[in-house]
Amino acid sequence: LLAEAHLINSEPELARESLKKGVEANPKNVAVRLRLAQFLARKKDFAGSLRELDKALAIAPNDVSALQAKAEVQAANQDLKGAESTIDRIKTAQPSNPLGFYRMGQLYGTQKKHDLALREYEQALKISSNPAEPLSAIVSTYMAQGKPDKAIGDPALWERAERLTVEAFAAADISYVLKPKDGTFYAPKIDIYIDDALGREWQMATIQVDLMMLPERFDLTYI
């Protein structure tokens with residue numbers, strides 16, 4: 001509590017000292033070490049944070065909070081192999097907990113390993129009592145595959161345009177097929193196809209879902 005008060009008062013050094021004293025007074029307390037590790041990670045002291053997390057895990061090898069924190073610090077420090085190994089420990093320690101699979105999916109997603117991310121999210125979905133998070137992650141991963149490599153514009157706007165498109169299809173009960181990397185360079189797009197009497201497929205129209213990408217570049221406004 002004292003450390004938190006120091007943080008609120010913008011006194012990081014006093015907060016650090018308070019947390020260190022807490023660890024010295026309670027060397028076997030995993031929660032206290034975890035709090036210190038998280039503080040050090042926020043200060044970009046990844047080496048110090050990992051030292052505290054390893055000490056915490058020496059006390060409680062299967063503590064999920066400590067394992068999750070370690071994986072996050074490793075990922076922030078660009079040690080992706082280490083983060084993957086740590087998340088594997090969560091999956092081994094608690095195979096019925098969707099957290100490990102979900103976190104692994106996130107890790108693969110940041111590396112654009114979409115197929116591996118989907119595999120992890122789908123496993124999380126199978127064992128989750130609350131499917132909203134893994135389902136959302138699955139949809140986001142599918143949409144991420146549709147963005148061209150040379151896309152321009154704000155990634156947040158791309159994600160919003162893709163999400164709104166999927167939501168519109170769902171609301172109108174329209175079936176669709178995702179075509180990875182097939183968007184235009186400036187916006188997601190919808191291609192409309194029909195089959196003729198001979199069963200041949202014809203593309204009839206294309207709709208670009210451009211929220212702001214080109215208008216921003218040309219400084220366009222409207223009333």
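**Helix pairs and a hairpin in a predicted model**

Q: What share of the contacts with a separation of 6 or more joins residues 24 or more positions apart?
A: Such pairs account for 41% of those contacts in the protein, where contact means heavy atoms within 4.5 Å.

The model is predicted, with pLDDT of at least 70 required for local features and 80 or more for side-chain atom pairs, while totals for chains, interfaces and linings use all residues. Numbering runs from 1 along each chain as its sequence is written, and side-chain values use heavy atoms, without hydrogens and water.

Q: Which elements make up the secondary structure of the protein?
A: There are 11 helices and 2 strands, these being DSSP runs (H or I, at least four residues, for helices; E, at least two, for strands) numbered from the N terminus. Their order along the sequence is α-α-α-α-α-α-α-α-α-α-β-β-α.

Q: What part of the protein counts as buried?
A: Of its 223 residues, 36% are buried, meaning under 20% relative accessible area with a 1.4 Å probe and protein chains only.

Q: Why are α4 and α5 called roughly antiparallel?
A: Helix α4 (residues 46-59) and helix α5 (residues 64-76) have axes that cross at roughly 155° and come within 10 Å. Angles over 145 degrees count as roughly antiparallel, and α4 and α5 therefore receive that description. Phe46, Ser49, Leu50, Leu53, Asp54 and Leu57 of α4 make the contact with α5 residues including Leu67, Lys70 and Val73.

Q: What makes up this contact of α4 with α5, by class?
A: It has 9 nonpolar, 2 polar and 2 charged residues. Nonpolar covers Ala, Val, Leu, Ile, Met, Phe, Trp, Tyr, Cys and Pro, charged covers Asp, Glu, Lys and Arg, and the others, Gly among them, are polar.

Q: How do you know that α6 and α7 are roughly antiparallel?
A: The axes of helix α6 (residues 80-93) and helix α7 (residues 98-110) cross at roughly 165° and come within 8 Å. α6 and α7 are therefore roughly antiparallel to each other. Among the residues that meet are Ile87 and Ile90 in α6 and Phe101 and Met104 in α7. The contact of α6 with α7 divides into 8 nonpolar, 1 polar and 4 charged residues.

Q: What makes β1 and β2 a pair?
A: Strands pair if DSSP finds at least two bridges between them. Strand β1 (residues 189-195) and strand β2 (residues 201-208) have 7 bridges, in the antiparallel sense. Ile194 stands opposite Trp202 in β2. The hairpin has 5 residues between the strands, and Gly199 takes a positive phi near 85°.

Technical notes: Axes are lines fitted to C-alpha atoms, for helices over the stretch in contact, and angles run from 0 to 180 degrees between N-to-C directions. Angles under 35 degrees count as roughly parallel, over 145 as roughly antiparallel, 65 to 115 as roughly perpendicular and the rest as oblique. Buried means under 20% relative accessible area, exposed over 50%, partly exposed in between (1.4 Å probe, protein chains only).
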